[in-house]
Amino acid sequence: MDSYRGVRTALIVGAGVAGLTAAIALARREWQVEIAEVNPSKATSGWGLCLTGPALRALDELGLAETCLAEGYGVSVITHVDVEGEPAGEVRLPRLIGAQRPAMAGIARPVLHRILYAEAERRGVAVRHGLTVTAVDQQGELVRVQLSDGTDRQVALVAGADGIRSPARSLLGLETSLDYHGQMVWRALVPRPLWATGIHQFAGKADTVGLVPISGSQAYVFLTENGVEQSVLPDAELAPCLQQLLEDFPGRVAEIRPLVSVSESVVRRPVRTSFLEGAWNRGNGVVIGDAAHAPAPQMASGAALAIEDGLVLAQELGRHASVGAGLEAFAARRMPRCRTLVETSVAIADLEQAQRHHEAHRLVDACHRLMAEPA
Ligand SMILES: Cc1cc2nc3c(=O)[nH]c(=O)nc-3n(C[C@H](O)[C@H](O)[C@H](O)COP(=O)(O)OP(=O)(O)OC[C@H]3O[C@@H](n4cnc5c(N)ncnc54)[C@H](O)[C@@H]3O)c2cc1C
């Protein structure tokens, strides 16, 4: 039985993984939810991502894991390959949603967003595009929020789910730094080679490459470029540059390389992390997802944390008599787990750069086991 009995209205800033999941979890508990999303349309960039065991477990609680598995590609093993192209061990991932179901799923980002959007809309969440928040003011038990279209709302809860740069975090008076780790990560969608039924990771002399299936017909290649300054390349240079970086790898990567030339979607992003120390809320305003904790992609778990946040936020609000108390309980429950993940992902990035791949693999394995603990 929920203990919070006040007005159940929420405004969420950002319709990414964190915002949409929180909206679904709140709407399931009879909150009236509106999302302000700055992007004018639903379009999402087209690379893939990995839904780890904890992500699938949280999605399962929301009734969405089966759809993600059906539309994505279930995997349960990571195969490591050394610099000579020889097998260097396998990690069998914990199966958190049952022995008969896969441990993880690769999925295209637009597909995950479509699934989350459809569920949010089915539950009555209003997603408003081309809209952001310009001011937040706590007034008694409610928060007054001003929006960029000149309108305002009075709501019981404001959640900043607007990503690593999070303007909402600043509006709430919460500040954190963004750290760059000397790595740029590449992603490219390619046709799935028949042998790619699990995740493969290839250690190189300087960089690391991997392949993750995301459907019966598609996979994404990832490459981590070590020891480089942050920079932006023109779109036309992305595919040829990635192909050049892949030249250094033997074996199966040589087979993947020509596939990149037909990729319509090559992206290159800096590895940046952040963790918000201290409070995650001010009164009835809170930050969730990357706005509170953004790990390096090495653990493929930023979206998992964002999905868990939505679920735990709704649970803790349901357990407490006031929104403020619910938010404090939410942050206290989430902080240790999210801090461990951010710090471990940075340690893995450092080991990769030092070419200490065996130690990095052991840490990845240990961290997946730790994250198998309940959220
Ligand atoms: C290259 C790369 C690969 C990754 N791979 C994985 C992976 O395999 N598995 C995994 O779990 N994680 C992965 N991650 C991490 C994952 O993408 C993030 O942790 C996750 O997307 C965070 O979700 P979020 O909703 O908090 O933020 P975001 O996904 O950044 O969404 C924020 C939303 O807020 C909107 N927004 C921004 N500013 C405003 C504003 N002022 N007003 C209104 N709306 C706003 C944005 O348009 C966006 O829709 C990867 C990250 C990167 C960079």
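Predicted model: local features only at pLDDT ≥ 70, side-chain atom pairs only at ≥ 80, totals over all residues.
**Overall form.** The C-alpha trace spans about 65 × 45 × 35 Å along its principal axes. I then compared the radius of gyration with the rule for a compact globule: for 375 residues the rule gives a value near 21 Å, and the protein has 20 Å, which agrees. Of the 375 residues, 50% count as buried. I also looked at contacts between residues at least 6 apart in sequence, and found that 72% of them join residues at least 24 apart.

**Ligand shell.** Next I looked up what lies around the ligand, and found 32 surrounding residues, with Gly 14, Gly 16, Gly 163, Gly 289 and Gly 302 as the closest. The elements that give two or more residues to this shell are helix H1 (17-28), strand E2 (32-37), strand E3 (48-51), strand E13 (179-191) and helix H8 (302-319). Sorted by class, the shell has 18 nonpolar, nine polar and five charged residues.

**Helix H8.** Because 15 of its 18 residues are buried, H8 is largely enclosed by the rest of the structure.

**The eight-stranded sheet.** I traced an open sheet of eight strands with mixed pairing, in the order E6-E5-E14-E15-E16-E13-E17-E20. Its edge strands are E6 (87-92) and E20 (293-294), each of which pairs on one side only. At the E6 end, strand E5 (residues 77-81) pairs with E6 in the antiparallel sense over four bridges, and Thr 79 stands opposite Glu 90 in E6.

Is strand E15 (residues 208-213) enclosed or open? Six of its six residues are buried, so E15 is largely enclosed by the rest of the structure. Both faces are covered, with Thr 208, Gly 210 and Val 212 buried on one side and Val 209, Leu 211 and Pro 213 buried on the other. Strand E14 (residues 199-203) runs antiparallel to E15 and is joined to E15 by four bridges, with Gln 201 as the bridge partner of Gly 210. Strand E16 (residues 218-226) is also antiparallel to E15, through six bridges, and there Tyr 220 is the partner of Val 212. E14 and E15 form a hairpin with four residues between them, and E15 and E16 form a hairpin with four residues between them too.

Terms used: Residues numbered from 1 in each chain as written. Near = placed C-beta within 6 Å. Nonpolar A, V, L, I, M, F, W, Y, C, P; charged D, E, K, R; others polar. Rg over C-alpha atoms; globule rule 2.2 N^0.38 Å. Buried ≥ 20, exposed ≤ 12 C-beta atoms within 10 Å, placed from the backbone. Contact = placed C-beta atoms within 7 Å. Pairing = 2+ DSSP bridges.
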